[in-house]
Amino acid sequence: MSVATDPAGARGDLGDARAPLLAVDNVEVRYGVSLAVRGVSFEVPVHGAVALLGPNGAGKTSLIRAISGLLDVHHGAVREGDIRLDGRSIRGWRADRIVSSGVGQVPEGRLIFGQLSVEENLRVGAAARKTAGVEETLQQVYELFPVLGERRSRQSGWLSGGEQQMLAIGRGLMAAPRLLLLDEVSLGLAPKVIEDIFSRLREVRDELGTSMLLVEQNARVALGFADY
Ligand code: ATP
């Protein structure tokens, strides 16, 4: 299996090749006056997999939103600290620019468009990308998750929970990311399905060198997958 990444447009002109892929530096997130995250720092090395563990309400999703530029949608903001991609600050960047810079996301709760077909959902994932290579990535996602290929014309709302999670991951991969943010991928899924999904993610990681940041409540699963 191989999914094409998009190095062009990813590192940008000013990136530092020696820097970690992602650096979160002393970040504070607030929703209005309400504090959600304070003083968080960590790095994701190139080709690395990092797990962020914590119970409900610890601030994991807020950190993912801070990295992906989606805090403003939730009336939140990064108030302190910095977030750097390839050594370059992306704090305050728009979400589509962050996706185009190589950061894909699999959001908590999957956020599948239930009325759309499987393939339409996947194509949404490539919206911030130039058209070149999109068809190839689509075929590669179908290779990775054959069940999505079999159900490509089916309305996504009818898929099982595990299939919807595969679809959410496939949609994230359609952006050809160098870094994939995965928010609670294991939530609500049977152990066998979780095992299957993480073995596919390992394939993506090993064969493409895609870096991953996963937030999880399931420490066993996360630590079995991540290096840090
Ligand atoms: P969960 O696993 O339940 O998603 P989490 O670790 O991802 O938890 P967050 O969802 O980031 O945690 O929540 C961190 C804190 O920020 C919580 O106190 C939460 O109530 C608050 N919070 C999250 N989203 C908002 C929002 N849109 N407006 C106000 N407060 C919020």
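Colleague: Are glutamate 184 and lysine 60 buried or exposed?

Modeller: This is a predicted model, where local features need pLDDT of at least 70, side-chain atom pairs need 80 or more, and totals for chains, interfaces and linings use all residues. Residues are numbered from 1 along each chain as its sequence is written, and side-chain values use heavy atoms, without hydrogens or water. Relative accessible area decides the class: buried is under 20%, exposed over 50%, partly exposed in between (1.4 Å probe, protein chains only). Glutamate 184 and lysine 60 are both buried.

Colleague: What do the side chains of glutamate 184 and lysine 60 meet in?

Modeller: Side chains of opposite charge can pair when their charged atoms come close. Here the N to O distance is 3.7 Å. The cut-off asks for a Lys or Arg side-chain nitrogen within 4 Å of an Asp or Glu carboxyl oxygen. So glutamate 184 and lysine 60 meet in a salt bridge.

Colleague: How many residues apart are glutamate 184 and lysine 60?

Modeller: Elements are DSSP runs numbered from the N terminus: helices (H or I, at least four residues) and strands (E, at least two). Lysine 60 sits in helix 1, while glutamate 184 is in the loop between strand 7 (179–183) and helix 7 (191–208). The pair links distant parts of the chain, and its separation is 124 residues.

Colleague: Which partner does aspartate 227 have in its salt bridge?

Modeller: Aspartate 227 lies in the segment after helix 8 (219–225) and its partner in helix 7, so the pair ties together parts 22 residues apart in sequence. The closest N and O atoms are 2.8 Å apart. The partner of aspartate 227 is arginine 205.

Colleague: Is arginine 205 buried or exposed?

Modeller: Aspartate 227 has 43% relative accessibility, so aspartate 227 counts as partly exposed. Arginine 205 has 15%, so arginine 205 counts as buried.

Colleague: In the salt bridge of glutamate 28 and arginine 30, how far apart are N and O?

Modeller: Glutamate 28 is buried, at 11% relative accessible area. Arginine 30 is partly exposed, at 24%. Their side chains meet, and the N to O distance is 2.8 Å.

Colleague: How many salt bridges does the structure hold?

Modeller: Some link up: Asp25, Asp82 and Arg84 are in a network. The count for the structure is 11.

Colleague: How many residues are in the largest nonpolar core?

Modeller: A nonpolar core joins buried Ala, Val, Leu, Ile, Met, Phe, Trp, Tyr and Cys through side-chain atoms within 4.5 Å. Those touching the most other members include Leu122, Leu148 and Phe198. Apart from it lies another core of 26 residues, among them Val24 and Ile67. The largest core has 37 residues.
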